[in-house]
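User: I've got this model open and I'm new to reading structures. Please walk me through it with some questions and answers.

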Amino acid sequence: MLLPKFDYHEPRTLEEVLLLLSELGGNAKLLAGGTDLLVRMKLNVDRPSHVISLEKVPGLNEIIPQDRHGVTIGSTTTAANLAESELIIDRFAPLAIASSRLGAPMIRNRATIGGNLVNARPAADLSPACMVLSANLKIKSLNKDREVLVNDFFVGPGQTILDPNELLVSLKIETPPPWTGGSYLKLGARKALEISMVNVACLLTLQSADGPIVDVRIALGAVAPTPVRAFAAEEFLIGQKPSESLFKEAGSIGVGMCSPITDHRGTMEYRCMMIESLTHRALQQAYHRALEWKL
Amino acid sequence: MKKIIKLTINGESVEAAVEPNRTLLQFLREDLGLTGTKHGCGLGDCGACTVIMEGRAVNSCLILAIQAHGKEIITIEGLAEGGRLHPIQQAFVDKGAIQCGFCTPGMILSAKALLDRNPKPTEMEIRTAISGNLCRCTGYQKIVEAIESASETIGSEEVS
Ligand SMILES: Cc1cc2nc3c(=O)[nH]c(=O)nc-3n(C[C@H](O)[C@H](O)[C@H](O)COP(=O)(O)OP(=O)(O)OC[C@H]3O[C@@H](n4cnc5c(N)ncnc54)[C@H](O)[C@@H]3O)c2cc1C
Ligand code: FES
Ligand code: FES
């Protein structure tokens with residue numbers, strides 16, 4: 001598998017990246033981990049005449065705690081670094097778990113969170129996790145800065161709201177309140193290296209250890225052209241006292257959100273059953289982690 | 001246009017001019033003749049091209065040679081010392097974890113990246129570490145046993 005020819009750029013500052021993007025726009029592609037771009041170039045799906053590496057841009061791969069209020073994650077932070085970060089494991093569990101399930105170790109060591117979101121596959125692992133954590137995406141071009149909620153980022157398979165001259169700089173996530181637990185479940189036909197057939201992220205907040213559910217977010221991947229929040233199931237759960245039967249019912253409401261397809265990874269009927277059962281299990285796990293919440 | 005890269009491969013510094021579209025895998029095999037690193041799928045799926053870069057296992061088919069500038073790389077050729085096999089290589093031989101051998105360099109480097117960070121892995125951790133390395137011959141069981149055995153050997157060598 002040979003790569004077509006291209007010009008290679010290795011800008012040293014954010015400013016330089018934005019300048020190159022504004023000059024080269026549609027002829028250029030940003031290179032982060034390359035686990036998506038280089039595959040697409042080998043398969044002749046993408047044919048950029050310029051490749052702009054993000055590796056030498058300082059600070060773009062950092063996980064920066066913002067006191068106790070939240071965290072800023074640079075767009076070139078790798079899945080491996082997210083999965084190993086104590087801060088992410090402790091406070092942003094769905095993202096840590098999803099990162100640990102993305103591909104195999106060699107892929108995780110290169111794959112970045114920015115690449116995963118921009119790539120916008122319906123089955124991407126990190127998108128549902130970012131959605132339940134309500135990540136705010138910081139986007140920059142030479143003459144415009146904007147912040148976009150991750151929920152508004154995806155347009156369709158492989159499509160986002162990013163313009164060709166824009167860079168995803170970082171994600172800002174607020175620390176979830178006390179008595180919050182999170183989970184992430186992924187179902188693929190094989191264990192390793194598998195693109196999900198269905199994936200579910202949950203974040204559940206209790207009023208207190210034995211209190212009702214005050215907030216819950218459920219996001220599903222691979223069930224529609226973009227990852228989706230299961231709002232109906234969320235509304236159904238808020239204000240209720242957690243119980244087995246409640247979570248089971250929420251699972252069946254969750255299916256209502258989806259328009260899964262039949263393909264070689266599974267039929268539509270099978271996917272619907274799996275959405276129900278994964279949502280149910282993800283809620284249970286998030287609830288148990290919420291009970292274990294500690295300062 | 002070719003660019004000059006400098007990197008360390010198996011402890012030796014190497015300098016070369018490469019085209020931007022040359023992968024690290026092509027550079028190792030074709031320019032340096034280090035053919036222990038195998039070319040399988042070229043798409044990140046099989047792990048035959050695994051090398052260790054800056055302490056982490058990576059697919060050299062999905063990295064540009066240019067991106068390896070300034071980095072430290074270990075390939076399968078860098079494991080044996082003074083004609084003596086590395087304990088992981090020896091364990092693969094002893095446990096019958098090699099059949100055709102095509103996956104072996106990648107398997108061994110994934111195992112090394114694991115053991116360097118986690119000298120006493122569980123069976124599950126071993127299976128996860130080699131989950132991106134496909135083997136069409138052995139059925140994996142003997143590979144897992146070889147890595148378990150290597151972890152014991154390395155542990156006892158370090159104590160003695
Ligand atoms: C064998 C294999 C297994 C895989 N398994 C999984 C899996 O289980 N789950 C999963 O979700 N994905 C999987 N993937 C897909 C891929 O690894 C991930 O989507 C990864 O997160 C992409 O990140 P990257 O840094 O490698 O992206 P790159 O390939 O570097 O970039 C991807 C795209 O995003 C653009 N881009 C990158 N960063 C930015 C930025 N900061 N701003 C604007 N645009 C940007 C690039 O220009 C490119 O178009 C797999 C891929 C392979 C090859
Ligand atoms: S050749 Fe690189 S993963 Fe198959
Ligand atoms: S020994 Fe033949 S592929 Fe593994």
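Analyst: Here's a short tour, going from chain to chain.

The model is predicted: local features need pLDDT of at least 70, side-chain atom pairs count only at pLDDT 80 or more, and totals for chains, interfaces and linings use all residues. Residues are numbered from 1 along each chain as its sequence is written, while chains are lettered from A and ligands numbered from 1 in the order in which they are written.

User: How many residues of strand β7 of chain A are buried?

Analyst: Strands (E, at least two residues) and helices (H or I, at least four) are DSSP runs, numbered from the N terminus. A residue is buried if 20 or more other C-beta atoms, placed from the backbone, lie within 10 Å of its own, exposed if 12 or fewer, and partly exposed in between. Strand β7(A) covers residues 144–149, six in total, and is hardly covered, with a buried count of zero.

User: Why does A:His280 count as buried?

Analyst: A:His280 has its place in helix α11 of chain A, residues 268–291. Two residues are in contact if their C-beta atoms, placed from the backbone, lie within 7 Å, and beyond its neighbours within four places in sequence, A:His280 is in contact with A:Phe247, A:Lys248 and A:Gly251. A:His280 counts as buried because its C-beta neighbours inside 10 Å number 21.

User: How far apart in space are A:His280 and A:Ala250, C-alpha to C-alpha?

Analyst: Along the chain, 30 residues separate A:His280 from A:Ala250. A:Ala250 is one of the α10(A) residues in the contact with α11(A), and A:His280 is one of those on the α11(A) side. In space, C-alpha to C-alpha, A:His280 and A:Ala250 are apart by 6.9 Å.

User: At what angle do α10(A) and α11(A) pack?

Analyst: Helix α10(A) spans residues 244–255, and its axis is 8 Å from that of α11(A). Axes are lines fitted to C-alpha atoms, for helices over the stretch in contact, with angles from 0 to 180 degrees between N-to-C directions. Angles under 35 degrees count as roughly parallel, over 145 as roughly antiparallel, 65 to 115 as roughly perpendicular and the rest as oblique. α10(A) and α11(A) are therefore oblique to each other, packing at an angle of about 140°.

User: Which strands stand at the edges of the sheet in chain B?

Analyst: The sheet is open and has five strands with mixed pairing, in the order β2-β1-β5-β3-β4. The twist from one strand to the next averages 40°. An edge strand has a single partner, so one side is left without a neighbour in the sheet, and the strands placed like this in chain B are β2 (12–18) and β4.

User: What is the bridge partner of B:Val51 in β4(B)?

Analyst: Strand β3(B), residues 50–53, runs antiparallel to β4(B), joined by four bridges. Their hairpin has two residues between the strands, and B:Glu54 takes a positive phi near 50° there. One bridge links B:Thr50 to B:Asn59, while the partner of B:Val51 is B:Val58.

User: At roughly what angle do the axes of α2 and α3 of chain B cross?

Analyst: α3(B) lies across β3 and β4 of chain B, at about 30° to β3(B). The axes of α2(B), residues 87–94, and α3(B), residues 104–117, come within 10 Å and cross at roughly 130°. That angle makes α2(B) oblique to α3(B), with the contact made by B:Ile88, B:Gln89 and B:Phe92 on one side and B:Thr104, B:Ile108, B:Ala111 and B:Lys112 on the other. Again, the crossing angle is roughly 130°.

User: Which residues of helix α1 of chain B are buried?

Analyst: Helix α1(B) runs over residues 24–31. The cover over its buried residues includes β2 of chain B. After the helix comes B:Gly33, with a positive phi near 70°. The buried ones are B:Leu24, B:Leu25, B:Gln26, B:Phe27 and B:Leu28.

Notes:
Two strands pair if DSSP finds at least two bridges between them.
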